[in-house]
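The exercises below go through one protein chain step by step, each with a worked solution. Please look over the sequence and the structure before starting.

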Amino acid sequence: MYENAVVPVEEKQEKKRQRLYFCKSKRYANFMIQNGSKIVQISNDKFRPNYLVFVFLWDDVCDANAKRWEEGERETFIG
């Protein structure tokens, strides 16, 4: 359900909500944290309580880290 997704900001609201990035992988979350992404929350998956969901603030740093991970950093990162 939370497969590494970006939550869009709704334009209709007066106060814009922050964009969030969800991930389930502990290794990927560790990579994001070590490379400066801002973590907002760690919670349990509501459909599978034994699994964790990591919530990051989607900003330029998080975007750059996601691109680095997709380009092959996942193959070499040991975290």
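**Exercise 1: a surface patch**

Task: find which residues make a nonpolar surface patch of about 310 Å².

Solution: The patch is made by Ile-33, Ile-39, Ile-42 and Leu-52, where a patch joins nonpolar side chains (Val, Leu, Ile, Met, Phe, Trp, Tyr) within 5 Å, from residues with over 30% relative accessible area and no salt bridge (a side-chain nitrogen of Lys or Arg within 4 Å of a carboxyl oxygen of Asp or Glu). Areas come from the Shrake-Rupley method with a 1.4 Å probe. Ile-42 is found in strand E3, residues 39-44. This is a predicted model, in which local features need pLDDT of at least 70 and side-chain atom pairs count only at pLDDT 80 or more, while totals for chains, interfaces and linings use all residues. Residues are numbered from 1 along each chain as its sequence is written, and side-chain values use heavy atoms, with hydrogens and water left out.

**Exercise 2: the fold**

Task: state in what order the helices and strands run.

Solution: The chain has two helices and four strands, taken as DSSP runs (H or I, at least four residues; E, at least two) and numbered from the N terminus. From the N terminus on, their order is β-β-α-β-β-α.

How values were computed: Patches are made of residues with over 30% relative accessible area and no salt bridge: like charges are joined within 9 Å, nonpolar side chains (Val, Leu, Ile, Met, Phe, Trp, Tyr) within 5 Å.
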